[in-house]
Amino acid sequence: RGRVHLWRYVGSPDAKNDDSSWHPMATKKMSSGIFDLTWAPGSHGLLAVGTHHAVAILNQHRLLCKSVLGKSYVQLTKSHLIVRSEEKVFQLEAGVRITHVAIDNKSLIISDGLTAEVYSIGRAGLNKETTFKSKTRVVALKGDNIFIGSGRAVQMLSHKGVVKNELSFTE
């Protein structure tokens with residue numbers, strides 16, 4: 001039997017390439033031994049896995065979707081979202097590779113694990129409020145507060161990325 005392990009690079013382009021720059025995404029068990037791995041042309045993130053009995057197509061990107069309080073989003077590609085608000089649909093091409101998204105009645109936050117972008121949701125569309133550095137694997141949004149998991153703590157941030165409060169967890 002074979003296995004394919006997909007990893008995501010979360011380090012910045014100028015960062016040293018160490019273990020902390022990579023996070024596991026998924027493991028796919030195959031029905032038999034793997035004899036071929038081929039990436040699809042272009043930047044679609046599709047990987048063909050050939051085994052002795054079948055071919056599987058794996059998607060490198062986990063696509064996200066959610067609906068909250070009449071607002072919803074669907075991720076189409078690694079950096080493209082469709083946002084629906086009050087019967088209107090808006091498209092967003094993010095400046096980061098989207099790995100985390102949170103939405104509430106007035107705002108949307110997206111993150112790649114290192115950088116966050118905050119957008120206000122209005123009748124005319126999405127308005128980018130700010131971009132800030134934020135190393136996280138978890139993002140939540142409630143009113144004027146952004147909550148992120150940062151190491152062994154949960155931080156409460158303003159929409160500008162300023163830490164308002166922090167709850168630390170000890171071993």
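These are my notebook entries on what I looked up in this predicted model.

**Entry 1, the whole protein.** I began with confidence, and found that the mean pLDDT of the protein is 83, with 88% of its residues reaching 70 or more. Going by element, I noted that confidence is lowest in S5, at a mean of 75, and highest in strand S13, residues 125-133, at 93. For secondary structure I counted 17 strands and zero helices. Of the 171 residues in the protein, 39% are buried, and the accessible surface comes to about 10,500 Å², with 54% of that belonging to carbon and sulfur atoms. I also looked at contacts between residues at least 6 apart in sequence, and 28% of these join residues at least 24 apart.

I then turned to His100, which lies in strand S10, residues 100-103. I recorded His100 as buried because its relative accessibility is 10%, and buried means under 20%. Leaving out residues up to four places away in sequence, I found that His100 touches Leu64, the run of Ile109, Ile110, Ser111, Asp112 and Gly113, and also Thr136, Arg137, Val138 and Val139. Its side chain makes a polar contact with the side chain of Thr99, at 2.6 Å.

My last stop was Ile57, which is placed in strand S5, residues 55-59. Together with Leu46 and Val55, Ile57 forms a nonpolar patch on the surface, and the three have about 280 Å² of accessible area together.

How values were computed: Residues are numbered from 1 along each chain as its sequence is written. This is a predicted model: local features need pLDDT of at least 70, side-chain atom pairs count only at pLDDT 80 or more; totals for chains, interfaces and linings use all residues. Side-chain values use heavy atoms; hydrogens and water are left out. Helices (H or I, at least four residues) and strands (E, at least two) are DSSP runs, numbered from the N terminus. Buried means under 20% relative accessible area, exposed over 50%, partly exposed in between (1.4 Å probe, protein chains only). A polar contact is a pair of N or O atoms within 3.5 Å; within protein, one must be able to donate a hydrogen and the other to accept it, and residues adjacent in sequence count only if both atoms are side-chain atoms. Contact means heavy atoms within 4.5 Å. Patches are made of residues with over 30% relative accessible area and no salt bridge: like charges are joined within 9 Å, nonpolar side chains (Val, Leu, Ile, Met, Phe, Trp, Tyr) within 5 Å. Accessible areas come from the Shrake-Rupley method with a 1.4 Å probe; for residues, only the protein chains shown count as cover. A salt bridge is a side-chain nitrogen of Lys or Arg within 4 Å of a carboxyl oxygen of Asp or Glu. pLDDT is the predictor's confidence in each residue, from 0 to 100.
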